[in-house]
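I opened the model and kept notes as I went.

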Amino acid sequence: MKCFVTGGAGFIGSTMVDKLLENSNNQVTVFDNFCSGQEEFIKHHFSDKRFNLIKGDLLNAEIVKKSMVGHDLVFHFAANPDIAKAMTQTDIDLKLGVDATYNLLEAMRLSGVNKIVFSSGSGVYGNVGLVETAEDFGPLIPVSMYGACKLAAESIISAFCHMFDMKSWIFRFANVVGTRQTHGVGFDFIKKLRADKSKLFILGDGKQSKSYIHVSDVLGAIDFAINNTNSTVNIFNAATDDYISVREIADIVIDVMGLKSVKYEYSGGDKGWKGDIPVVRFNLNKIHKLGWRAKLSSHEAIRQSITEMLSLKLTKKQT
Ligand SMILES: NC(=O)c1ccc[n+]([C@@H]2O[C@H](COP(=O)([O-])OP(=O)(O)OC[C@H]3O[C@@H](n4cnc5c(N)ncnc54)[C@H](O)[C@@H]3O)[C@@H](O)[C@H]2O)c1
């Protein structure tokens, strides 16, 4: 299988590349502009003949078209990962989420590449509190440009699939954690506590409660779903069965770092930032019925990812 991985130098994308290259039948092209991706995450593949790196921007339609020829399957991970960024750069998700996805689909259409896996998120559901959202939940009222543009990208993928005989697997992931994450609450807490071990500044009131899925489970869910479903558009929530609060995450980080008497300070309010969704609840019946379940709970995933991040030699962009 010749796989084209956008955002393949990022956290989730590079972990997927490792997994794909474990199979000797696979070849992988990473397409990344390194705006948040890191060479560090993929350089161990540089000598592998089955690995090809294209440093390019998805906003450059011509490069995407040229690069796409000859592939079988696209994994689309490239996006703006920072939800809060749209407060100051209001078109960032429109460009990196919508325009980039259109360029990718158009390149696929022109090259006859007809399968795409897309990493969407819970942001498409909007702020619905304790309601457990299933894949057919509606109305979908996103509260951030990130969520709105994920929803727009899902819609454009669906339209291309129906108009041009393509197939898609769209995953609405919980917060993803793991060794190479370069953003997110656990990552942020480690960074703050390394700078000052006496106190921890927490965005919001610490009661925000969400699911955190380990990246190994994300790869497992993708692998499982693409091998067991075959509709034109296959949409799945992928999350853990449990939830964890930001305050509990802080407690775990402090425990794993072996710190004592850390004073918590809160910015206040129920949200971490404008566009944040403080309570996220997934209905996972669809993917559970199919036979997939996350191996690690949110609590286990957070503890494991904190341990992994602490043991990783920090690279420039992470410090
Ligand atoms: N991390 C999470 O908690 C989470 C949860 C749900 C969904 N997702 C989605 O999963 C995907 C991967 O997230 P991640 O956490 O690995 O983020 P990341 O920032 O580590 O990876 C994104 C990658 O895309 C690349 N990129 C961005 N814009 C590009 C462009 N125009 N052209 C080429 N490359 C470009 C970046 O350089 C980076 O390597 C994103 O689509 C994100 O929205 C992430």
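**Entry 1: the ligand.** I looked up what surrounds the ligand and found 29 residues. The closest are Gly7, Gly10, Phe11, Gly37 and Ala79. "Near" here means that a residue's C-beta atom, placed from the backbone, lies within 6 Å of the molecule. Helix H1 (11-22), helix H3 (92-111), strand E5 (115-121) and strand E7 (175-177) each give two or more residues to this shell. H1 gives the largest share, 3 residues. I noted how the elements are named: helices (H or I, at least four residues) and strands (E, at least two) are DSSP runs, numbered from the N terminus. I then sorted the shell by class and got 15 nonpolar, 12 polar and 2 charged residues. Ala, Val, Leu, Ile, Met, Phe, Trp, Tyr, Cys and Pro count as nonpolar, Asp, Glu, Lys and Arg as charged, and the others, Gly among them, as polar.

**Entry 2: ground rules.** Residues are numbered from 1 along each chain as its sequence is written. The model is predicted, so local features need pLDDT of at least 70 and side-chain atom pairs count only at pLDDT 80 or more, while totals for chains, interfaces and linings use all residues.

**Entry 3: the sheet.** In which order do the strands of the open sheet run? I read E3-E2-E1-E4-E5-E6-E11, 7 strands with parallel pairing. Two strands pair if DSSP finds at least two bridges between them. Strand E3 (51-55) and strand E11 (233-238) are the edges, and each pairs on one side only. Neighbouring strands are turned by 15 degrees against each other on average, direction ignored. I zoomed in on one pair. Strand E4 (residues 73-76) and E5 pair in the parallel sense over 3 bridges. Val74 stands opposite Ile116 in E5. H3 lies across strand E1 (2-6), E4 and E5, and runs at about 175 degrees to E4. Axes are lines fitted to C-alpha atoms, for helices over the stretch in contact, and angles run from 0 to 180 degrees between N-to-C directions.

**Entry 4: two domains.** The domain assignment gives domain 1 (2-176 + 211-238) and domain 2 (179-210 + 242-318). Such bounds come from an automatic or database domain assignment. The domain centres, taken over C-alpha atoms, are separated by 23 Å. I found 41 residues of domain 1 in contact with 34 residues of domain 2. Contact means C-beta atoms, placed from the backbone, within 7 Å. On the domain 1 side, H6 supplies the largest share, 6 residues. That side divides into 20 nonpolar, 16 polar and 5 charged residues.

**Entry 5: Ile302.** Is Ile302 buried or exposed? Ile302 is buried, because 26 other C-beta atoms lie within 10 Å. The cut-offs are 20 or more for buried, 12 or fewer for exposed, and partly exposed in between, with C-beta atoms placed from the backbone. Ile302 lies in helix H9 (residues 298-311). Not counting residues up to four places away in sequence, Ile302 touches Val177, Gly186, Tyr212, Ile244, Ile249 and Ile252.

**Entry 6: Ser245.** Ser245 lies in strand E12 (residues 244-245). Ser245 counts as partly exposed, because 17 C-beta neighbours lie inside 10 Å. Leaving aside neighbours within four places in sequence, Ser245 is in contact with Gly206, Lys207, Gln208 and Ser209. I also checked Glu40, 205 residues away along the chain: its C-alpha atom and that of Ser245 are separated by 31 Å.

Terms used. Two residues are in contact if their C-beta atoms, placed from the backbone, lie within 7 Å.
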